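I opened this notebook page to record what I looked up in the model.

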Amino acid sequence: MKITLLAVGSRMNDWVIAGVDEYSKRLRGVVEFTLVEVPLARRGKSANIDQLVQKEGRVLLDKIPAGDFVVALEVGGRILDTDGFASRLENIRDSSRDLSLLVGGPEGLADACRQRADEAWSLSALTLPHPLVRIIVAEQVYRAFSLLQGHPYHRK
């Protein structure tokens, strides 16, 4: 199974890159976890934010591999606990589909991304900084597959 995290924003701090890399390495041999960055559209004083979000959305949509199950990660999405998250990943894997997870920029995802998504999930009711979301997603994917494999990383 391949899991692609498509996130708006680039030029992350070293600690963000190191965090995502750490969990990507741990997942080797289990799933292929890849982060694909989409540049944040340039914002200025006279910028039309809605148009910029739509532009970012088009770029995200163009990068979704054909046939992937698509999940929009948004505050208003379905809240899953660890067991539920693991179960959803297992179901998607068992359906022989790869997974694309979409993370928008500061203003969120474009409507077109929401419409393309098969599901919407929430990581938290809290607003999380986008760099931290990348690490949280990578860690939760690792935790879910550890749980599915009976690995002691996840303790109940």
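I searched for pockets on a 1 Å grid over the protein atoms alone, where a pocket is an open set of points that a 1.4 Å probe fits, with protein on both sides within 12 Å along at least five of seven lines, and lining residues have an atom within 4 Å of a point. Grid points are joined across faces, edges and corners, and a volume is the space filled by probe spheres set on the points. I note that this is a predicted model, in which local features need pLDDT of at least 70 and side-chain atom pairs count only at pLDDT 80 or more, while totals for chains, interfaces and linings use all residues. Residues are numbered from 1 along each chain as its sequence is written, and side-chain values use heavy atoms, with hydrogens and water left out.

I found a volume of about 300 Å³ for the largest pocket. Its lining has 20 residues, with Leu73, Glu74, Val75, His130 and Val133 nearest the centre. Strand E3 (69-79), strand E5 (119-122) and helix H5 (130-148) each give two or more residues to this lining, and the largest share, three residues, comes from E3. Helices (H or I, at least four residues) and strands (E, at least two) are DSSP runs, numbered from the N terminus.

Fold. I counted five helices and five strands in the protein chain, which run β-α-β-α-β-α-β-α-β-α from the N terminus on. The radius of gyration, taken over C-alpha atoms with a globule rule of 2.2 Å times the number of residues to the power 0.38, is 15 Å, close to the 15 Å that the rule gives for 156 residues, so the chain is as compact as a globular protein of that length. The C-alpha trace spans about 55 × 35 × 30 Å along its principal axes.

Burial. I took buried as under 20% relative accessible area, exposed as over 50% and partly exposed as in between (1.4 Å probe, protein chains only). Of the 156 residues, 42% count as buried. Serine 146, in helix H5, is buried at 3% relative accessibility. Beyond its neighbours within four places in sequence, serine 146 is in contact (heavy atoms within 4.5 Å) with His151 and Tyr153.
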